[in-house]
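Here is a short note for someone opening this entry for the first time. Please read it with the model on screen.

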Amino acid sequence: MTNPIIKFINYVCVQTAVHWARGAQDGYGGYSYSKPVDIKCRWDDVSKEIMTDNGEQIVCRAQVLTPTNVKTGDYLWLGSKQNLTLDASGYVDPRTVDGAFMIQRVEKSPLFRSIDEFVIVAYL
């Protein structure tokens with residue numbers, strides 16, 4: 001039987017976003033990023049004051065609910081990777097994509113009666 005909370009998350013996550021996972025430091029003070037992948041989400045454009053992991057108060061641009069494990073420092077873009085201009089290897093740097101935002105904070109809550117399934121909210 002499917003967990004009703006998972007069923008609800010899958011029901012509301014009808015939008016597609018592109019996710020780039022942050023990788024290792026690039027040796028120049030920045031980071032490398034994975035190839036883009038499409039994920040299911042619910043993207044809400046909101047202005048909301050949040051506290052980042054380092055204690056800084058900022059106003060986020062969007063709140064994204066997803067069943068995908070995303071982390072602070074990753075990038076998200078509302079849309080499908082088929083709408084991006086990718087290079088021959090299937091890559092585009094998220095820092096060059098207009099409307100792609102770095103995840104500033106992630107809240108991860110375990111689902112009711114679960115130790116390995118989570119509700120994830122990313123703040124951009």
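1. Ground rules. This is a predicted model: local features need pLDDT of at least 70, side-chain atom pairs count only at pLDDT 80 or more, and totals for chains, interfaces and linings use all residues. Residues are numbered from 1 along each chain as its sequence is written, and side-chain values use heavy atoms, without hydrogens and water.

2. The sheet. Seven strands form an open sheet, in the order E7-E6-E1-E4-E5-E9-E8, with antiparallel pairing. Strands E7 (101-102) and E8 (105-110) each have a single partner strand, so one side of each lacks a neighbour in the sheet. Strands are DSSP runs (E, at least two residues), numbered from the N terminus; two of them pair if DSSP finds at least two bridges between them.

3. One pairing. Strand E5 (residues 57-66) and strand E9 (residues 118-123) run antiparallel, joined by four bridges. Val64 has Ala122 in E9 as its bridge partner.

4. Lys108. This residue lies in strand E8. Lys108 is partly exposed, at 43% relative accessibility (buried is under 20%, exposed over 50%, partly exposed in between; 1.4 Å probe, protein chains only). Beyond its neighbours within four places in sequence, Lys108 contacts Asn69, Phe118, Val119 and Ile120 (heavy atoms within 4.5 Å).

5. Aromatic pair. The structure holds one. Tyr33 is in strand E3 and Tyr75 in strand E6, 42 residues apart. Both Tyr33 and Tyr75 are buried.

Notes. Phe/Tyr/Trp six-rings, centres within 6.5 Å; stacked < 30°, edge-to-face > 60°.
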